Structure formats: structure tokens, C-alpha cells
There are 2 protein chains.
Amino acid sequence: MDSSTQSESPEEEVRSFFDSAPHLKNSDLITQRLKDFVDKNSHASENGKPRRIVCVTSGGTTVPLEQRCVRYIDNFSSGHRGAASTEYFVRAGYAVIFLYRRGSCQPYCTYLPEDSFLDFFELSEDSTIQVRQSHSAVVKKSIRDYHAAVDHGFLLELPFTTIFEYLQILQMVATSISHFGSHGMFYLAAAVSDFYVPWNDMAEHKIQSASGPLDMRLTQVPKMLSVLRKEWAPSAFCVSFKLETDPDILLKKADAALNKYQMHVVVANLLATYKQEVVAVTKSQRTTIRKHSQEAHVEEQIIELLVEKHADYLEQP
Amino acid sequence: MDSSTQSESPEEEVRSFFDSAPHLKNSDLITQRLKDFVDKNSHASENGKPRRIVCVTSGGTTVPLEQRCVRYIDNFSSGHRGAASTEYFVRAGYAVIFLYRRGSCQPYCTYLPEDSFLDFFELSEDSTIQVRQSHSAVVKKSIRDYHAAVDHGFLLELPFTTIFEYLQILQMVATSISHFGSHGMFYLAAAVSDFYVPWNDMAEHKIQSASGPLDMRLTQVPKMLSVLRKEWAPSAFCVSFKLETDPDILLKKADAALNKYQMHVVVANLLATYKQEVVAVTKSQRTTIRKHSQEAHVEEQIIELLVEKHADYLEQP
């Protein structure tokens, strides 16, 4: 925030962020889908216990630089971690609200090639379409698991693109999940912009390049984690992520986030190794998780640990 | 460029851009693939005439804000126009070098849904995978056309992500295409960044958000078009695109680009209507192209017009 508003409380900063944000499209539809999903799952049970619910956020948020957006700032994130984690949460019996960046990696699609989807197929002599033998098994399992998750109401997918959409929808999700009390979890894997251009300061039209260098002032995005914890869903179990490129500051920043935002777990990872290794940081311990084989997903082990910690949390008086 | 270099010629600006750019990975592999593709097609003919070749650029370039990139500036572009146009160029007998943004829309995939690919499939009772009846015909045609284009050597796909990769590879492609003289074409549909952060001015690590607002100075990307026309492939037929959000300045800017860069055609379009309508601007005329039905691709009509204009260009003494 610029100096004039430096003194605002997090709650005030968040409020002014929402006040100045563009109107969220389809908010009624999103509200309805959330209500249906929550109603269905709040009365369901797993192994005799109330079903747990988790909001998995995934992919990067964009920051438009123009109101009719041609250019935007984006955050590196394939969405692979959130998509893979969603599969393991469903398998662990959680109802999952998957809040994902439009176009980013989807659950049950994490094995897909980045580009041509056509290389998956061949035409047999009688010109029927076939999935290449090499991919057949994995595609079969994916289709089965995906349809099972959706048909049984374990998975609700909500897309976002901009930082404005992300925070607006996250607040709606948090309000719904708060009904689950301590049985709710947040798994905040999305790469959220730290800086943005307030809608009212934004150029309406494409910024013209004729006139020399471009100077931009970006405002800090209000830290919404503390508001999520204090106001939106105070009893939920909260897991956030810390991605850095510099190993020397990673754990220090993870500890800081843990304390500043009262997270229950902060998953710390480095850009260079995030697919092989993470450190789960809590008040009392640091647990290093390394994937145990080339084929394994480190997410499987992360979710296993978090489900345990969530269970311990539920045991507490 | 900042004031100190304001006086540089376009050629000098381009040279200093390349000198300061990070090293291009796989440049040997790209060189080899280009050489094979050009060798094969430079001796081929269509209907008794030498085969023509076109470089279609597609998708947006990114501008990293950090050397170990977490954040970047991106340009809105699905890559749909470049991908669809590639199909029509192949159908018109052109050899196509498709220079595309990694992850953007692919030729013969333009009908694909943005997100879950799994909705395309179902498992039959004997649990074999089937493409939904509704999609079967279009998927079949795509697979057939795609494999035909690749197997017959009509299509070379080269991916890029950053503005640095894009311009480095474009120069390599241009040098190869220059061997085709006036039988070569450039169809520059990529959304290329106008501003960037020179590699040497770039933060090595993720920019930290602790300390107030972020001020950024972006440098203008040198106008590569004039160098492409004058030095890289002086005889090739050049088509560039102009996308604006403000209708009042669109055609003025298209005319300016036509003259400044000596383009043969500038395709002018508005963000709000680019899928329905474009204006093909040449020195002598402005041709409005509107798609003639809901199902049609406006690209089919654009390519038809450009193939004619390229033929006229070849007739000239």
C-alpha cells in the first residue's frame, strides 16, 4: 500500500481491496454451487465420522495492467501441485473445493503432456479412435477416478483468473467452509500475487508503447491470510505454502508466516526442487518430505502427513 | 529504451537486445530441425510451382521480472488465431513453421475445451475408452489432418516462452526462410511484449514483498520488424497484426505500422471483436473480413486473401 494507507489494519486493507475490485461475474451461480456442495457434504460421514472438507487453491493469479486486459502480471505455477493434491485428498475421504486458475493443471490430468493432446490417439485401420496402448491404462484410471469423484459429489471445481476473482471467491468458499468448524481445512497452494494495480488506478485501454520506457507502481496485495484465520473461518485447519528461490531465507520466511498468520502448517519449498522435496513447518517441528521414487508424487506424502495433523487437531479440546 | 540509448538505430537496439539476452537452450537442436525442414521443402513443389513457406507466430511472449523466474508479465493471447491459421496454410499447400507459446492453442486442437480433457471420454461397459459420440467426428478429422501434416513434413512446431526465446528463434527462422526469397511469408500473429526488463537489470531472486509498493521501469523492446524486413529476410512477404482495444486509433496505428516497417499487409483487429472481424490493410486498400457464419473461422477467409496477395506479390517483376 502507498504510505498514506500504510497504517491501515489488515482488515481495513482487505475491505478497501474488495470495495475497489471489479464486480465478480456469476457470483450467484458460484454461491449456489457452493451451497449445494456444502449441504450435501455437511451431512455426510466417512467411517462413522463427519466428512471433512478442504479448499485446495491452485495455479497463479493474474494482475491486469489494463482494465480491458491485454497485458497482465502472472505468477509461475503449473497448478500441478494443487491438482495432484486434490486427488489424494479425495482418496482420503475429503470433500474438495478445487479453486483453480483457468487453464491450469486439472485433477486426474497431471500426467498429460504439456502440448499436443493428439499424440495420445491413433486411428485404427477401421478408423476408430484409440488411445495409444502406452497411455491406455493411466487414461482409463483417470477417467474412472475423475467421474467417481464428481458423480459422488467429492469434487467441486471453481475457476479464477485474476487476483480479484481469486480473493472474492476464496472469501465465499471460506464462509461456506466455516460451517464445518474444525473439520474444514485450507490448503493454499495457489501462487498469489503480492503486488497489484488497484482497479481505479488502471489504464482503461492498452498501454501505448510509443513513448519511451514504462514506469509502473504496484501496490501490495493485502495479506488476506490473517483475515481468513480471524474472520472468515476461524476454526478451520490452515496450511499455506512458501515458495522461494533462495535457500538461505526459505525456512526463516516459513517460520515468519507461521507466526504472523497463525497458520497450523507452512509447507516450504524451493523453485528448483519443489517437485522432489518440501519441508512441513509447524510450531513444534520441521518435517522434511522427499519423494521416495521417480514415479511417486511428493503430494501423496504431503497429504498423508496433513491428514494426520488435521486428525490430531480435531482431537484437541 | 531509456534516454541514454534513445538515439540508437533499430539495428543497434536489436544487437544490444541479443547481446544482453540469456543463452538460448537447445539452439543446436532448433538449428538442425530448421535445416531439415527447409531442405525438405525448398526442393518440393505444389502444382508444378515451388512450394511456399510461411512462419506463423502464435501466442503471447512473457517478460520475466526475476532471473529465476517466479513472476512475469504476459500478453493476452490464447494462440487460437495462429493455430487455426496454420491449418489453413497447410491446406493451401504451404510448409508452415509454427512458432508458438508453450502451452498455447495447437493446430488441429482449436475446438478443444479450455479445461478438462476427460469430459471428452467415457468408458464403455467392457471398460474400453471411447471418445464421446458428440466429439468423435471432429476428433477423428483432427487426428487424421494432424498426422498427415506432420508425416508429410508440412508442419514444424517450435515452442517459446519468453520474449528472449521468441526473438532469438524468430531470427533463426527468418534466416532459414530467406533462402525461399519471395516464396517465403511471415504471418506474425504472436502477441509480442512491447516492454521488458533487460536481463542484467533483473533481480536474481524472487522480489520480496515486505517493503511497501514495487516500482518497476520497463524498457521498450526494440522494434524487430524493421530488422526482419531489412536484414533477416528482405524478399519475404510480411504480414503483421495490430491489436487494440480502442477503435478510434486502430486503423491509424495499422497504417503507421504498414509504413514504418514496410509490411505488405497489416491485419487490424479489436480485442472485443477479433474472432468475428478483422481489416486487412495494404498500401492501396482496406479489406474488411467478417466471418460468414457462427461455425466458420474468420482465419479461413484471412488466409484465402493472404494466399492471393502473396501470389500477386510473386507475379511482380
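Residues are numbered from 1 along each chain as its sequence is written, and chains are lettered from A and ligands numbered from 1 in the order in which they are written. In this predicted model local features need pLDDT of at least 70, side-chain atom pairs count only at pLDDT 80 or more, and totals for chains, interfaces and linings use all residues, while side-chain values use heavy atoms, with hydrogens and water left out.

The predictor gives the complex an ipTM of 0.80 and a pTM of 0.85. Its confidence in each residue is the pLDDT, which runs from 0 to 100. Chain A has a mean pLDDT of 89, with 94% of its residues at 70 or more. Over residues 1-5 of chain A pLDDT stays under 50, and the model has seven contacts for them beyond four places in sequence; a contact means heavy atoms within 4.5 Å.

Chain B holds an open sheet of eight strands in the order 9-6-3-10-13-14-15-16, with mixed pairing. Helices (H or I, at least four residues) and strands (E, at least two) are DSSP runs, numbered from the N terminus. Two strands pair if DSSP finds at least two bridges between them. At the edges of the sheet are strand 9 (155-160) and strand 16 (286-290) of chain B, each pairing on one side only. Helix 2 (residues 27-42) of chain B packs on the sheet and touches strand 3, strand 6 and strand 9 of chain B. The direction of helix 2 makes about 155° with that of strand 9 of chain B; such angles run from 0 to 180 degrees between N-to-C directions, and the axes are lines fitted to C-alpha atoms, for helices over the stretch in contact.

Within this sheet, strand 13 (residues 237-244) and strand 14 (residues 265-270) of chain B pair in the parallel sense over six bridges. B:Asn269 lies in strand 14 of chain B, and B:Leu243 stands opposite B:Asn269. With a relative accessible area of 5%, B:Asn269 is buried (under 20%; exposed is over 50%, partly exposed in between, with a 1.4 Å probe and protein chains only). Residues touching B:Asn269 include B:Arg81, B:Leu243 and B:Tyr274.

In chain A, A:Ala233 sits in the loop between helix 6 (224-232) and strand 13 (237-244). A:Ala233 counts as buried because its relative accessibility is 1%. The C-alpha atoms of A:Ala233 and A:Ser178 are separated by 4.6 Å, although these residues are 55 apart along the chain.

Technical notes:
pLDDT is the predictor's confidence in each residue, from 0 to 100.
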